[in-house]
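Dear colleague,

Please find the structure below, together with its sequence. My notes on what was found in it follow directly after.

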Amino acid sequence: MKLGVCYYPEHWPKSRWQADVEAMVEIGIEYVRIGEFSWSRLERVDGELSWDWLDDALAVLHNAGLKVILGTPTATPPKWLVDKHPSMLAYDEAGQVRGFGSRRHYSFASLEYRQECQRIVTLMGQRYGQHPAIVAWQTDNEYGCHDTILSYGEVDLIAFKVWLKEKYKTIDDLNLAWGNIFWSMEYNTFDDIELPNLTVTEANPSHRLDFQRCCSDQVVAYNKLQADILREYAVGRDLVHNYMGFFTAFDHHKVGQDLDVASWDTYPLGFLDQEAIYTDQEKHDYLRTGHPDFGGFHHDLYRGCGKGRLWIMEQQPGPVNWAPHNPSPADGAVRLWTWEAFSHGAELVSYFRWRQAPFAQEQMHSGLLRPDGSKAEAAFDAKKVSEEVADLVQKLGLDRDELNALPSAGNVALMFDYDACWALDIQPQSKAYQYLFWCYRLYEALRELGLSIDIISPKSDLSPYKMLVLPAQVVIDDDLLKALNSFDGVLLAGPRSGSKTADYQIPENLAPGKLQQLMALKVERVDALPEHTQPNVNGVWGQGKLKHWHEQLATHLPCLLQDEKGMPVLVGEGKRFYLGACLEADLLKMCLEKLAGIAEVPTYYLPKGVRVRTRGKLIFVFNYGQSTAHYAPLDADCVIGKNCIEPAGVSIWVKSKKTIK
C-alpha cells in the first residue's frame, strides 16, 4: 500500500528538481515513474545519445530515497526515426497514414521499428539495468491507446500472411475454416490474401477475427522483445505495463505472461463521461466520483492478468483534458479511488502527474501540483492516504509488507475472454449488445450484493471458487469443458455461450455447443433486440424485463424465468444454470442472489452508491453516492472512518477474531 507519482524531469529546469522531490517525500510519495516519453531527449539525433540529464534526475530521486520505475520511451519515436523508417507508421482502416505529431505513431508489426526498439531498450538496459534507484521497468506506454492495435499498412499485411501460414499450413484449410465458398471468396495461395478493410460491404467475420488475433499477437511479440532484453540487464527488477480502461483490442492475459505486474491507468470521471454504457442518470449521480464499479471491475480484471499482482500507474488526480466534459472530482474522491485500489490488492497507486504541464496537448490535465508548483487538491488527498496507511499499520500491529500480503482473492469468479469480446464485437447482431458492457453489468450486480469478485481467464484454475459466471463464453474448447465439468461450485452460463466454434462458425449441434454435454438444452433461435424493446419476464426467481438479447431455448430443464409466451429464459437445476437473455439490473441481481444462496456465499443488498470489498481480515466500505450512507459490516470493528459514510467517503473495518478464518 504505497503511493507513487508520474514525473517528467525533462519538462522542468534542473533547478526545480530538488524542491519537487522534497515535496514528494513530504506528501508520502515513495515511487516515481519517469522516462516513458523521453526518446527525443535521449537521442535528439540518430546515434547521438544524451544520458546526462537522466543520470542527474535519477541521482536526485535516489538521494531523496525515492524508488524509480523507468519507462522505455518507445511509445513516442522521434521525428528523425520516422523519416528514417517511414514504413513503420500505422495506417487506419481507410488506408490513411497515421503520422508524426503526437504519439503512438508506429505499427507493432514493423520489423524495422522493432529493431530500433531493441536498440534503444538494450542501450537503456545496459546503462541503467542495475541502477540502485530503479526497482521496476515499464515497457512502452498504454498499448493501443488512440485505437492503434489494428493497422492496415504493408508491414501489417506481410505479418498477417506469415501468421496465417503458421496457423493453417495449407490454403485449403484456411478456405474451409473461413467458409470462403460463400460469395466466391476462396483464395488459391496465401499471397492472395488481403487485409479485411476497404471491402464493398462487411468483410468475412472469420477473416476479421483472425486479423484481430494476429494484431494482438503482434503486441505480445513486441512486448516480449522488450521484456527479454530487460530480463537480461535489469535482473531482479519488476517488469510492468500500464493497461487502459474499457480497452479490449489485444489479449492482456497473453501480454501479462512476460511481465511481473499488471498495472492500469484509471480515470473514473473521464470514462464515466465518454462511455456509452452509462445512462444519463448514472452520469448525473456519479458526476464527481465516477461509477462505483469502474475501478473495481478493472482492478479485478487486471489483477488476473498480472499473476495476482496489481499496480495503478496513473490515477486521475483532478480534471482531465480528453473527455467530452471534464468536471472536477468531489472532495475526497482521489482518496476514495486510492483506497478502492488498495482494497482490490493494489501494491502501489501512482498519480498522474506530479506537476500540471503548461504546454502542449495535456496542459489542461491536472496534477498533484499546479503549473506554478503550488499544491492542488489531490496532493492533500494523497497525504491523507499516506497518513491513514501508517495509522492502519499501527492499529493492526502489522508492518506494511504484512499489510500488502493480505489476500485479495474473491470467492466468486467472472470469466472474461478477449477472444469472445472480439467475436461478438465483429458481429454483435444487436447494436444494443456489447460483450464488454454485459460483463460489466454482471459484475455490477454481483458487487451490489456485497460480493468480492475475481475476474479470470478461460485458462484459470476454477477450484478456489464457490460460484462461477460465464457472461458469454463464445467458444467452449475441450480444456474449458473439462474444467467446467470438474467444477464443484455453482455455474451460470450466460447468453451466447458456446455459440461459435474457434473458426467463427455456428456449432453443428447449435448453441450452446459443447455446453450441451453439461446442460440439456439447445438454442433454436435468437432475438436481437433494440434498446427500447424490453419484454416482460417472470417466474419463481422474480419478475422484470429482458433486454438486448433473447434466445429461444429447447429444454426440459426446470424453468426459473419465462418470457411473455411462456418460453424458458433461465433454466437449470443442482449447480448448473443457463441464462438465455440479458436481464435488467434488478432482476439480474435477484437471480444472482439466488445462485449465491445455492453456493452458500452470503450476500447483502447495499445502499445506493455503496460498495464493499473484503481483503483478508479487512473490510472496506466506499460511498460513491451524493448523500450520506449508513453501513456497518457484521462482526467487524471500525478502524478508519465510521458507519455513517459521507459522500466520497471510506470506512475500513477489521473482522472480529471469531469471524477470521
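A search of the whole structure finds 41 salt bridges, a salt bridge being a side-chain nitrogen of Lys or Arg within 4 Å of a carboxyl oxygen of Asp or Glu. The model is predicted, so local features need pLDDT of at least 70 and side-chain atom pairs count only at pLDDT 80 or more, whereas totals for chains, interfaces and linings use all residues. Residues are numbered from 1 along each chain as its sequence is written, and side-chain values use heavy atoms, with hydrogens and water left out.

**Salt bridges**

Side chains of opposite charge can pair when their charged atoms come close. One of the pairs is D83 with K79, whose closest N and O atoms are 2.7 Å apart. Both residues belong to helix α4 (residues 79–84) and are four residues apart, about one turn of the helix. Helices (H or I, at least four residues) and strands (E, at least two) are DSSP runs, numbered from the N terminus. D83 is partly exposed at a relative accessible area of 48%, and K79 is partly exposed at 40%. Here buried means under 20% relative accessible area, exposed over 50%, and partly exposed in between, using a 1.4 Å probe and protein chains only.

K254 forms a salt bridge with D217, with 3.6 Å between the closest N and O atoms. This pair links distant parts of the chain, 37 residues apart: K254 is in helix α9 (residues 252–256) and D217 in helix α8 (residues 205–233). Both ends are partly exposed, K254 with a relative accessible area of 37% and D217 with 24%.

D238 and R309 also meet through their side chains in a salt bridge, at 3.0 Å from N to O. These two residues are 71 residues apart and again connect distant parts of the chain, with D238 in strand β7 (residues 238–244) and R309 in the loop between α12 (294–305) and β9 (310–315). D238 is buried, its relative accessible area being 18%, while R309 is partly exposed at 25%.

**Packing of α8 and α16**

Helix α8 packs with helix α16 (residues 418–426) at an angle of about 140°, and the axes are 10 Å apart. Axes are lines fitted to C-alpha atoms, for helices over the stretch in contact, and angles run from 0 to 180 degrees between N-to-C directions. From α8, the contact uses P205, R208, L209, Q212, R213 and S216; from α16, it uses D419, W422, A423 and I426. Contact means heavy atoms within 4.5 Å.

P205, in helix α8, is buried with a relative accessible area of 18%. Not counting residues up to four places away in sequence, P205 touches I426, Q427 and Y504. The C-alpha atoms of P205 and M467 are separated by 33 Å, the two residues being 262 residues apart along the chain.

**Nonpolar cores**

The largest nonpolar core has 185 residues, and those with the most contacts inside it are I29, W339 and L592. Such a core is a set of buried Ala, Val, Leu, Ile, Met, Phe, Trp, Tyr and Cys residues joined through side-chain atoms within 4.5 Å. Leaving aside neighbours within four places in sequence, L592 is in contact with L442, A445, L446, L449, M467, V469 and L492. Another core, of 24 residues, lies apart from the largest one and includes L462, L470, L515 and L553.

**Backbone geometry**

Most residues other than glycine have a negative phi, and most peptide bonds are trans. Which residues depart from this pattern?

A cis peptide bond joins F352 and R353, with omega about 5°; R353 sits in the loop between β10 (346–351) and α14 (377–396). The peptide bond from A511 to P512 is also cis, with omega near 5°, and P512 is in the loop between β14 (490–493) and β15 (521–528).

R104, although not a glycine, has a positive phi of about 55°. R104 lies in the loop between β5 (97–98) and α5 (111–128) and counts as buried at 3% relative accessibility. A360 has a positive phi of about 65° and is likewise not a glycine. A360 is found in the loop between β10 and α14 and is partly exposed, with a relative accessible area of 47%.

Yours sincerely
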